[in-house]
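The paragraphs that follow walk through one protein, beginning with a single side chain and widening step by step to the sheet and the chain as a whole. Please keep the sequence and the structure in view while reading.

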Amino acid sequence: GELVKDPEAYGGECFRAFNKEEWRGPVMFPFCNVAYDKDAEYVVRFRAKVEKTPGGKGEAFNAEYEKQRIAPMVDEVKDGWQWYEFKPTRIKDWHWFEYKSGRFANGGGRGAVKCSYIDRLEIRRHSK
């Protein structure tokens, strides 16, 4: 992936993840450097968009955090920047957020998107 300019992205810049299947994603964020209260739950969310391939089938992107996965199909993703949110979780030092291309399906997944973008990750305390 690479950093690219985007006037609609936070700060005018975002990360573009190429449509390339990799075991590890180009965006990985460790939570060992995050200050948090160990007894509180937090919501982890991120903002992403995809550049769709006409007629593409398969996952638009794949985001994972602590045994949770967000991987919408291309036809489920709206145009432009969208927020995606994981369920509230108690953060631990060994947790990671990972963002990458969607998994490629045999006979259709590879052409799902040209690329996907992410411009921010937000961690906020969950209020019940």
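Lys49 is found in strand S4, which covers residues 42-52, and the model in which it is seen here is a predicted one. Is this lysine buried or exposed? With a relative accessibility of 17%, Lys49 counts as buried, because the cut-off for that class is under 20% relative accessible area. Leaving aside residues up to four places away in sequence, Lys49 touches Asp6, Gly80, Trp81, Tyr99, Ser116 and Tyr117.

One of these neighbours, Tyr99, leads on to the strand pairing, for Tyr99 in S8 stands opposite Val27. Strand S8 (residues 96-101) and S3 pair in the antiparallel sense, over four bridges. This pair belongs to an open sheet of four strands, in which the order is S3-S8-S5-S6 and the pairing is antiparallel. Which strands stand at the edges of this sheet? They are strand S3 (27-30) and strand S6 (68-70), and because each has a single partner strand, one side of each is left without a neighbour in the sheet. On average, and with direction ignored, neighbouring strands of this sheet are turned by 10° against each other.

Turning to the whole chain, the protein has nine strands and zero helices, so that, in the sense of DSSP runs numbered from the N terminus, the elements follow one another as β-β-β-β-β-β-β-β-β. Among the contacts with a separation of 6 or more, 74% are between residues 24 or more positions apart. Of the 128 residues in the protein, 44% are buried, and Lys49, as described above, counts as buried too. The accessible surface of the protein comes to about 7,700 Å², and carbon and sulfur atoms account for 48% of it.

Conventions. Residues are numbered from 1 along each chain as its sequence is written. This is a predicted model: local features need pLDDT of at least 70, side-chain atom pairs count only at pLDDT 80 or more; totals for chains, interfaces and linings use all residues. Side-chain values use heavy atoms; hydrogens and water are left out. Two strands pair if DSSP finds at least two bridges between them. Helices (H or I, at least four residues) and strands (E, at least two) are DSSP runs, numbered from the N terminus. Axes are lines fitted to C-alpha atoms, for helices over the stretch in contact, and angles run from 0 to 180 degrees between N-to-C directions. Buried means under 20% relative accessible area, exposed over 50%, partly exposed in between (1.4 Å probe, protein chains only). Contact means heavy atoms within 4.5 Å. Accessible areas come from the Shrake-Rupley method with a 1.4 Å probe; for residues, only the protein chains shown count as cover.
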